[in-house]
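Please examine the structure shown below together with its sequence.

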Amino acid sequence: MLPAVLLLVGVATVCRADLGRYERQAGNTSDWGRPLVISTIEGMPWMSVDWEGLNQTADAFNPDVVTNDRYHGYVKDLLDELSQKLGFSYKLQLVKDGRYGVKKDDKWNGLVGEVVNRQVDLAAAALTVTPLRAEDVEFTVPFYETGTAFLIKRPYMEYIRPWLWLLKPFTAGVWLVSLVAWLVVWIVMIVINKCSPYEWERKYKRGIAGKSQAKYYSAPNSYFSVSSMLFWQGYEHGPASTSGRLLIIGWFIFVACLAVSYTAGLTSSLIAEEKAVGSDSWFDVRGLGQKKVPFGTVKGGSTEAFFKNSKIPLHAELWREMDDQKTFASSIDDGVNRIRTDDSNYVFIGEREPLMWEAMHAPCDLLVIDPKLQNINYGLAVQKSHERILRDFDVALVGFKSDGTMEKLRTRWFEENSKCFSPLISGPKGKSSTSILPLALPIDFHKFLLAFVILAVFIVCALIALVIEKIFYKERGRSKIVVNEEGQQLREK
C-alpha cells in the first residue's frame with residue numbers, strides 16, 4: 001500500500017513540475033513570476049529607442065533605465081499585440097554587441113548568441129530566418145516577408161504627380177525666388193513712379209502730364225504691368241523715366257529666361273514615355289544606363305551570406321566582385337551615406353524594408369528597386385527548450401495574419417510614415433502601382449542663377465539712375481531760375 005502511495009505522490013510531483021514549466025514557457029506572468037526577457041536591436045522601422053534625457057553610452061544596456069515605453073517601432077507594436085493576446089509581460093533590452101547573429105568558431109554572437117546562451121528568453125527584431133540559425137534556435141512563423149532590393153540615388157528619374165506637372169520644370173527654390181523677384185520689381189516700380197521727377201506721376205504734379213497719365217504706374221497698375229509680362233502680354237504704356245525703363249528691360253529679360261526654361265522643361269515632362277525600372281537581370285540594373293557601378297552590402301549580414309552561398313553563378317560572381325573591390329558597408333547608414341556622397345553611383349543591396357524606410361524620408365533622393373530575386377522571412381528567435389512559447393506565438397502570429405493585425409502594422413509603419421512619393425519600384429515578377437518618367441532634373445537655383453543676377457543688376461542700375469535723375473533735376477532746376485518783370489524768381493517747369 002505504501003509503495004503505491006509513494007508512487008502516486010511522485011507522479012503528482014512530476015506532473016506539477018511539468019505543469020509549472022508548461023505555464024512558464026507559455027509566458028503566463030502570474031504563474032511564472034517574472035516577465036519575459038527579450039533582446040532587440042535598433043533599426044527603423046522595426047525598433048528605435050528614445051534617448052532623450054539618457055546617457056546612451058552608460059544606460060544603453062540597462063533595462064531598468066531604458067524601459068519599454070522608450071521603445072517604438074513595428075516589432076515593439078507586434079510584441080504589445082502578442083502580450084495583450086497571450087497575457088504575458090516582458091522587458092526589452094538592447095543586444096550588447098549590436099549584431100544580429102553570426103557564427104564564428106562554432107559560437108554565435110549578437111541576438112542569436114544571446115538566445116543560444118540563454119541570456120534572454122527570445123530575440124525580437126527583423127531577424128532573418130536562415131538554415132544555419134535554425135540549427136541552434138527555434139523561429140516562430142514569419143511575422144514579415146520581404147526580399148533583397150537595391151537602393152540607388154535617382155539622378156535622372158523623378159516621380160510625377162499629375163496635378164504637379166505644371167510645377168515640375170523648376171525646383172521649389174526657383175519658384176520661391178521668382179516670386180520674391182516679382183514682388184521686388186513691383187515695389188521698385190512703385191518707388192520710381194513716386195520719386196523720379198521724369199515719371200508720369202511727378203510730371204502730372206508739375207502740370208506736364210494728364211491725370212490719367214499719372215495713374216499709368218500707380219500701385220495697382222504697376223502690379224498689372226509687372227504681372228502681364230509674366231504671360232507675355234505687353235502693357236499699353238511704358239515708363240517715362242530712364243530708371244523705370246531700365247527696370248522694365250531687366251524684368252523682361254528675366255521673364256524671357258523664365259518662360260523659355262519653363263516651356264522646355266514642361267515640354268520634356270509631357271512627352272516623356274512611362275518607363276518601368278527593374279529587371280530579372282541584375283546587370284541591367286547594375287548598368288544604370290550602360291554605366292557600370294559598384295555594388296555593396298553589409299559585411300557579415302544575411303544578404304552577404306545569400307550571395308556568398310548562392311548556387312546561381314550570377315549571384316556568386318557579384319559576391320566575388322564585392323569581395324575583390326571591398327565595396328562592403330559596415331551598416332545600412334554607411335551604405336546610404338556612400339550612395340549620397342559617392343560619385344561612382346554606388347548601389348547598396350539589402351533587405352527591402354530597411355531600404356524603404358531610408359527612401360521614404362527626406363531628402364527623398366533615394367529609390368528602391370525590388371527585382372524579386374529572393375524571399376526573406378523575419379521571425380522571432382526562441383530558445384530550443386521553450387516549445388510552448390514557440391507554439392503559442394505561432395498560433396497568435398497566424399491569427400494576426402488572418403484578422404488584419406499584420407496589415408494594420410504594415411500600414412502604420414510604412415504607408416503612414418512615408419514622406420516621399422512612392423519610393424519603391426517592383427521588378428518583372430510583380431507589378432508596381434508606381435510609374436516613372438525619365439526626366440531631366442528640374443532646374444534648380446544654381447542653374448538659374450544667371451537670370452537672377454541679370455535682374456539684380458538691372459534693379460541696381462535702375463535705382464542708381466533714379467538717384468542720378470533726382471540730382472540732375474535738382475541741379476537743372478537751380479540753373480534755370482528766371483526773374484519776372486516784378487523781380488519774382490520763377491523756376492522753369
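In this predicted model, the count of aromatic pairs comes to 24. A pair of aromatic rings is described by the distance of the centres and the angle of the planes. Two such pairs are set out here, followed by other features.

**Aromatic pairs and a cluster**

- The ring centres of W46 and Y144 are 5.1 Å apart, and their planes stand at 75°; because an angle over 60 degrees counts as edge-to-face, the pair is edge-to-face.
- W46 belongs to the loop between β1 and β2, whereas Y144 belongs to strand β9, so that the pair links distant parts of the chain, 98 residues apart.
- Both W46 and Y144 are buried.
- F88 and F393 have ring centres 5.5 Å apart and planes at 25°, so this pair is stacked.
- Since F88 lies in the loop between α4 and β4 and F393 in helix α17, the pair ties together parts 305 residues apart in sequence.
- F88 and F393 are both buried.
- One aromatic cluster is formed by F170, W175, W251, F254, Y262, F448 and F452.

**Charges over rings**

- K299 places its charged end over the ring of F328, 4.5 Å from the ring centre.
- R338 places its charged end over the ring of Y346, at 4.2 Å from the centre.

**A five-stranded sheet**

- Five strands form an open sheet with mixed pairing, in the order β4-β1-β7-β14-β8.
- β4 and β8 stand at the edges with a single partner strand each, so one side of each lacks a neighbour in the sheet.
- β8 pairs with β14 in the antiparallel sense over two bridges, and F139 stands opposite A381 in β14.
- Helix α4 packs on the sheet, where it touches β1 and β4, and its direction makes about 160° with that of β4.

Key:
Residues numbered from 1 in each chain as written. Predicted model: local features only at pLDDT ≥ 70, side-chain atom pairs only at ≥ 80, totals over all residues. Heavy atoms only, no water. Pairing = 2+ DSSP bridges. Helix = DSSP H or I, 4+ residues; strand = E, 2+ residues; numbered from the N terminus. Contact = heavy atoms within 4.5 Å. Axes fitted to C-alpha atoms, helices over the stretch in contact; angles between N-to-C directions. Phe/Tyr/Trp six-rings, centres within 6.5 Å; stacked < 30°, edge-to-face > 60°. Buried < 20%, exposed > 50% of the residue type's maximum accessible area, 1.4 Å probe, protein only. Lys NZ or Arg CZ within 6 Å of the ring centre and 35° of its normal.
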